[in-house]
Amino acid sequence: MSKNWSEELHINAKNYAGFLKEKGYSFFTGVPCSLLGTLIEHFENSPEFQYVPNVREDAALGLATGAYLAGKKACVLMQNSGFGYSLNVLTSLNMIYKIPLLLIISYRGYLGNDAPEHLIMGDKMTKLLEDLDIPTFIPSLETLEKDLERADEVIEKQKVPAVILIREKIFG
Amino acid sequence: MKTRDALAQIIPLLGANPVVCATGHISREVQGVQHRNENFYVIGSMGMCSSIGLGIALSRPEKKVFVIDGDGSVLMNMGNLAVVGALKPKNFIHIVLDNEAYASTGNQKTLSSVVRLDEVARANGYKTVHKLGTDENLKDALQKLLKMEGPTFLLIKVGPDTDKAAPRVKAEPDEITEVFMTAIQ
């Protein structure tokens with residue numbers, strides 16, 4: 001990756017963090033993915049964002065749920081491998097308790113172009129989300145802000161978790 | 001001492017502070033002993049009560065936040081002990097009622113007769129860790145612990161739950177959310 005390219009990813013991350021802040025998100029937690037690398041790096045290096053490194057994706061959802069109950073808008077970041085760990089918490093906590101969280105999930109295995117461990121989840125990701133009726137957005141670089149706005153609107157109105165799937169070359 | 005007896009001593013000391021209750025018998029027993037609007041009953045997502053409590057504690061440092069957990073639940077989300085130990089919120093009080101069994105599913109054994117949960121909490125970095133002694137008074141011990149710096153971990157060994165279980169949590173999950181959020185505002 002060229003230096004310019006890496007700089008571009010950092011600029012995308014910085015801008016996106018700004019959009020999240022504008023929407024009122026103030027509590028962040030998750031488990032990293034290289035595709036979300038610059039975004040998490042930005043949270044870690046900016047004192048204005050509270051980012052808690054977590055041990056597992058389900059625990060991150062639990063932590064973010066607590067932050068929401070205490071009055072904050074909360075966001076969970078994870079790789080889609082961790083979406084498997086998250087299923088029980090999403091269905092037996094967030095969805096039935098009406099805990100609206102923003103989930104920013106990396107889309108490893110998109111179009112079957114990835115390491116073997118990512119291929120099945122990559123292939124089934126959108127079907128799983130659809131089966132669970134979880135509102136999902138898959139932004140391009142151009143629609144990042146617009147899709148965040150739409151996800152936030154669903155979250156506020158329906159009090160449900162919503163997912164933004166992030167493909168490569170946006171934040172990492 | 002059984003879960004119900006322990007709760008009867010603990011609950012009067014909680015004031016109007018938020019309390020997150022573990023999945024299964026513990027939520028039901030807490031509701032049975034004394035329902036408070038500041039109780040958040042976690043009916044699914046076993047293990048998550050301590051993560052939820054931590055999220056509240058980090059966001060509301062002015063309140064003491066209690067988690068009433070069980071041994072099976074701690075073992076299931078043991079990773080959260082590391083998150084607590086790393087962040088060290090002073091206002092986080094983790095009480096574990098340890099009956100060495102999955103009471104809700106028929107008292108099958110957990111691993112806590114062998115694994116020292118209090119030592120695990122200490123190794124993860126909880127500031128104050130105490131295992132209630134067999135001849136110790138629970139109320140006195142908890143009152144003393146509440147004056148010390150958190151995060152605090154209190155392990156209470158309780159006898160097997162052989163009595164008839166308390167009724168299921170009455171409120172609908174979304175109602176629990178609404179009532180709890182209003183109560184702790």
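Helices here are DSSP runs of H or I with at least four residues, and strands are runs of E with at least two, numbered from the N terminus. On that basis, chain B has eight helices and eight strands. Keep in mind that this is a predicted model.

Overall form of chain B, then. Its radius of gyration is 15 Å, close to the 16 Å that the globule rule gives for 185 residues, so chain B is as compact as a globular protein of that length. The C-alpha trace spans about 40 × 35 × 30 Å along its principal axes. Of the 185 residues, 51% are buried. Now take the contacts with a separation of 6 or more: 71% of them join residues 24 or more positions apart.

Next, one helix: H6 of chain B, residues 117-124. Which of its residues are buried? Leu117(B), Val120(B) and Ala121(B). Looking down the axis of H6(B), those buried residues fall within an arc of 100°, so they line one face of the helix. What do they pack against? After H6(B) comes Gly125(B), with a positive phi near 110°.

Last, the contact with chain A. Here 25 residues of chain B meet 24 residues of chain A. On the chain B side, the elements giving two or more residues are H3 (49-59), H5 and H8 (173-183). H3(B) gives the most, with eight residues. By type, that side of chain B has 13 nonpolar, 10 polar and two charged residues.

Key. Residues are numbered from 1 along each chain as its sequence is written. Chains are lettered from A and ligands numbered from 1 in the order in which they are written. This is a predicted model: local features need pLDDT of at least 70, side-chain atom pairs count only at pLDDT 80 or more; totals for chains, interfaces and linings use all residues. A residue is buried if 20 or more other C-beta atoms lie within 10 Å of its own, exposed if 12 or fewer, and partly exposed in between; C-beta atoms are placed from the backbone. The arc is that of the directions from the helix axis to the C-beta atoms. Two residues are in contact if their C-beta atoms, placed from the backbone, lie within 7 Å. Ala, Val, Leu, Ile, Met, Phe, Trp, Tyr, Cys and Pro count as nonpolar, Asp, Glu, Lys and Arg as charged, and the others, Gly among them, as polar. The radius of gyration is taken over C-alpha atoms; the globule rule is 2.2 Å times the number of residues to the power 0.38.
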